[in-house]
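Subject: Structure for your files

Hello,

Here is the structure we talked about. My notes follow below it.

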Amino acid sequence: MNFLSIFVLIPLLMLLGLWLARDQKSIRGVMVAGSTCLLILSAVLTVLFLQERAAGNTAEMLFTASFDWITPLHIKYSVGVDGISVAMLLLSSVIVFTGTFVSWYMNKEYFLWFTLLSAGVYGFFISIDMFTMFMFYEVALIPMYLLIGVWGTGPKEYAAMKLTLMLMGGSAFLMCGIFGIFYGAGGQTMDILDIAHQQNGAHLIDIAQQHIWFPLTFAGFGVLGALFPFHTWSPDGHASAPTAVSMLHAGVLMKLGGYGCFRIAMFLMPQGAQDLGWIFLVLTGISVVYGAFSACVQTDLKYINAYSSVSHCGLVLFGILMVNQVAATGAVLQMLSHGLTTALFFALIGMIYGRTHTRDIREMSGLMRIMPFLSVCYVIAGLANLGLPGFSGFIAEMTIFVGSFANADTFHRVLTIAACTSIVVTAVYILRLVGKILYGVSTNEEHLKLDDAHWEERFAVICLIGTIAALGSAPWWVSNMIDSGVAPVVEHITAFAANTNLNPFM
Amino acid sequence: MDYSQFLHMPEEASLLAVILILFLADLFMCKEPKDGETISQKPSAINVVAIGLLSIHTLINLLPCCNGCMQATEAFGGMYQHTPMMTVIKSVLNIGTLVVFLMANSWLRRPENIVKQGEFYLVTLFTLLGMYFMISSGHFLMFFIGLELASVPMAALVAYDKYRYESAEAGAKFILLALFSSALLVYGLSLIYGATGTLYYSSVGALFSGDTLLSVIGLTFFLSGMGFKISLVPFHLWTADTYQGAPTVVTAYLSVISKSSAAFVLFTVLVKAFAGDSLMAEWNTGLYWIIIASITLANIFAIQQQNLKRFMAFSAISQAGYIVLGIMGGTAQGMTSIVFYILVYMVANLGAFAVINVIEQNSGKIRIDDYDGLYETNPHLSFIMTLCLFSLAGIPPFAGMFSKFFIFMAAFNAGYHWLVLIALINTVLSLYYYLLIVKAMYIKKNEHPIAQFQSDGYTRAALVICTTGVVVLGIGGVFYNYIDTLSYGIDKMLGAL
């Protein structure tokens, strides 16, 4: 038994513990104990991983293990991590840990589905077998339906159904893409590394086939990564979801999309990515700008943040589609950064909503005097989101734009400049929002009676801010780790993709 | 005559023994009514005998290695054929029938049914015997006898609640359409006989090399007859009414056991008797459109249903479409995925029907909006129903996702890429209507929800079997691996069969 599997085992044990738990105290006990274990485990994993790399181990994936599962179809349970997945596991653990404290008053069934969702997320990031990955991917999607449908707010039934069906529609395309990759590569292995390394100088998957399966796979994962025009589930879903679910979904689950696009679609079909990547590059460019402008005109706190997520997650796909080591490293940093800031945002919005019972920014003002702690944290979150130096967002966006501008042709440069405008627009909506709801004089008598954050809320928020600041002020340890993971993938893609100039803009 | 040939058919012999013992037991187990009691108030212990005997039968025939039939054999000059895979599919049907018997108990204990408890078990087992012969047939005549033995008693089962006019009506509809489709099928067989002069699968297969008019018409009639049994579009018109009118237990039996056996037989007959290249292209084309029609139309109709049994009827039609997907190309991989799909579909569908049945027996409610707020009053039943529906929709980690993945993979490998994509898009549609029920149970509020009740021990046993199956079958890869070692297709026929 490989120790990576413990990442899935702990959530399963937590499920068992929750099932047996009888009162609120033991439910909280199980959740706190389990999520702390996961946090420690991912910290230990990071240390071990860095030690291995420092000791000169240059294997693409470390701590790999593989067990036969469904032999006739060559399906294995294979696990392994590289720099990208270690970073993602760390992110997931932080979000699950803080999410537990944010949903302090929720009941047992809520935590059951919440834990199942996190089991899927962890499983996805440790798998290197396409089938196992796909299975965990779907495990992570379906609990959202009940989490939003039962514990959500607003038009929750509509939002839950829309989100589930759109994401499952994406995974239908994805499944087709996986079959295409598997049989295109000879039908001998589902292991991502094996498929990639089998191509000795030639394309294992026929180029004509790559042109069919690359768009299917990329769009399949792209739905979860809020790729325009498949992003419409995201605002509705995030706005209706309960706080911790929004955190986990925007913070971690949307990263599954970007990770999958990079790890499966682009890594295994380099020529497809080279020839057709420009279509998706234009679409993500639209996501980035359109998301930012949409956020400007929203009046609901959660909708603002959801559109902001569309914009920032667009940057993730934007970075990886540049097929350039700096930009791709920036994209993974952006996954981390966006995951943390958006989780912080959603946590704060949930806490404010829990007190004021409204998320309409027109009905709130002067909150700074009423709840100073939450308001100060909200300002910090806003500044982190718009990319102030010292926070993680600055590092990530800077790296992406520097990397993508390094492409010498006009097409990529014009797109980069267009995407850069989103930074300005982000500043517009964040500052407008902060000014509107936090400063000024409170016009609502009821709001004057409200209290500030409780201890568990303060704890969760401080954890998140601490991580964001740590990432922003000392990014080198994590960016080196990510770089070591991104480098082989980008090298592989550039080595196998011949320039066929299918892009009409070049 | 060489009587030792009967030893080649242990499953049929043992099932026949069960039927005979049960028949005698039913005669003598009727208790004498005391003064002032009518016979109908005295439940006999026949249910224990039936369930016990069927369990023994299931256990001794469980796997080909248990009853010494690892070899493919034949008897009666090739009329009866037997491969290890057939033992597997028969065991699957056995387990399904056992679950049906377990869930039937609460329904059979109703006052109007007590007096005819024994008949239910006997008639059901006779249809099962018919399916056995159908599966093991090596000759179209044998196949037809099995088919009739499986259909005619089924009409009696459908009309079992004779005091309810819907049940009687459903029985009449079923028998009329069953006979009509049998007539079509027999006409097709006569054309095949006319074209080849033989009815043995192997000889027909050898003689049917080109697609002459006779062979294509024969094939068409054969496909429509089987399409009726599997309830594929456009032969599905009886399904919704019959499923709605029949007693819920019988609906469960019809939708799983009867359908699955017919799908398996369709596979074996197509790859044996119609394996010629040009003829294979014909039935692949036919099935291609039948599958698209079945999956899509059934999904669209299922969305609009309010009665759960009608809803399950349309869901079963679309599931049948997925099962038939494994037949495309007639490969060994297809056979493995079909048998695995049948196994998984059986536990999931029977689990859902067990919940529907127990709720119907306890509260008489059968509409989807009656299920609003069920989670508040009966959390365990709602939970099991959710697991089963998720499995039917293909959500991991439940078994349904595995079986769907494998059957799509088989069809994809056979070269039907677009068909797989269409089927995959349809799974999203089906997820929508399965989620409607989950939504009713968990999310919607109801002022008068179904009252809390304790389900009986037999139903619980059935639910435990189904839930275990739904959870274990997929994650435990051994099941698929084992089935795969026994499967065969056009490319890999076992021995001479």
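Please keep in mind that this is a predicted model.

Overall build of chain B

Chain B contains 20 helices and two strands. Along the principal axes, the C-alpha atoms of chain B occupy a box of roughly 65 × 55 × 40 Å. Of the 497 residues in chain B, 60% are buried. Among contacts in chain B with a separation of 6 or more, 79% are between residues 24 or more positions apart.

Where the chains meet

The interface involves 24 residues of chain A and 28 residues of chain B. On chain A, at least two residues each come from strand 1 (62-70), helix 5 (130-141), helix 6 (143-151) and helix 7 (156-184). Helix 7 of chain A gives the largest share of that side, with 11 residues. The side of chain A that touches chain B is made up of 18 nonpolar, four polar and two charged residues.

Helix 6 of chain A deserves a separate look. Eight of its nine residues are buried, so helix 6 of chain A is largely enclosed by the rest of the structure. The buried ones include A:Met144, A:Tyr145, A:Leu146 and A:Trp151. Their cover includes helix 4 (108-126), helix 5, helix 7, helix 10 (233-240) and helix 11 (243-268) of chain A, and also helix 18 (417-442) of chain B.

The hairpin in chain A

Strand 1 of chain A runs antiparallel to strand 2 (residues 75-81) of chain A, and six bridges join the two. A:Phe67 is placed opposite A:Tyr77 of strand 2 of chain A. The two strands form a hairpin with four residues between them, and A:His74 in the turn has a positive phi of about 60 degrees.

A helix pair in chain B

Helix 6 (residues 140-158) and helix 7 (residues 165-196) of chain B pack with their axes 8 Å apart, at an angle of about 170 degrees. An angle over 145 degrees counts as roughly antiparallel, and the two helices of chain B are therefore roughly antiparallel to each other. On the helix 6 side of chain B, the residues that meet helix 7 of chain B include B:Phe140, B:Phe144, B:Leu147 and B:Glu148. Those on the helix 7 side of chain B include B:Phe174, B:Ile175, B:Val186 and B:Leu189. By class, the contact between helix 6 and helix 7 of chain B has 13 nonpolar residues, four polar and one charged.

Backbone points to check by eye

Most peptide bonds are trans, and most residues other than glycine have a negative phi. The following depart from that.

- The peptide bond from B:Val233 to B:Pro234 is cis, with omega near 5 degrees; B:Pro234 lies in the loop between helix 9 (213-230) and helix 10 (239-245) of chain B.
- B:Pro396 and B:Pro397 are also joined by a cis peptide bond, omega being about 5 degrees. B:Pro397 belongs to the loop between helix 16 (379-393) and helix 17 (399-413) of chain B.
- B:Ser231 has a positive phi of about 55 degrees and is found in the loop between helix 9 and helix 10 of chain B. It has 28 C-beta neighbours inside 10 Å and so counts as buried.
- A:His357 has a positive phi near 60 degrees and sits in the loop between helix 14 (325-356) and helix 15 (367-370) of chain A. With 12 C-beta neighbours inside 10 Å, A:His357 counts as exposed.

Regards

How values were computed. Residues are numbered from 1 along each chain as its sequence is written. Chains are lettered from A and ligands numbered from 1 in the order in which they are written. This is a predicted model: local features need pLDDT of at least 70, side-chain atom pairs count only at pLDDT 80 or more; totals for chains, interfaces and linings use all residues. A residue is buried if 20 or more other C-beta atoms lie within 10 Å of its own, exposed if 12 or fewer, and partly exposed in between; C-beta atoms are placed from the backbone. Two residues are in contact if their C-beta atoms, placed from the backbone, lie within 7 Å. Ala, Val, Leu, Ile, Met, Phe, Trp, Tyr, Cys and Pro count as nonpolar, Asp, Glu, Lys and Arg as charged, and the others, Gly among them, as polar. Two strands pair if DSSP finds at least two bridges between them. Axes are lines fitted to C-alpha atoms, for helices over the stretch in contact, and angles run from 0 to 180 degrees between N-to-C directions. Angles under 35 degrees count as roughly parallel, over 145 as roughly antiparallel, 65 to 115 as roughly perpendicular and the rest as oblique.
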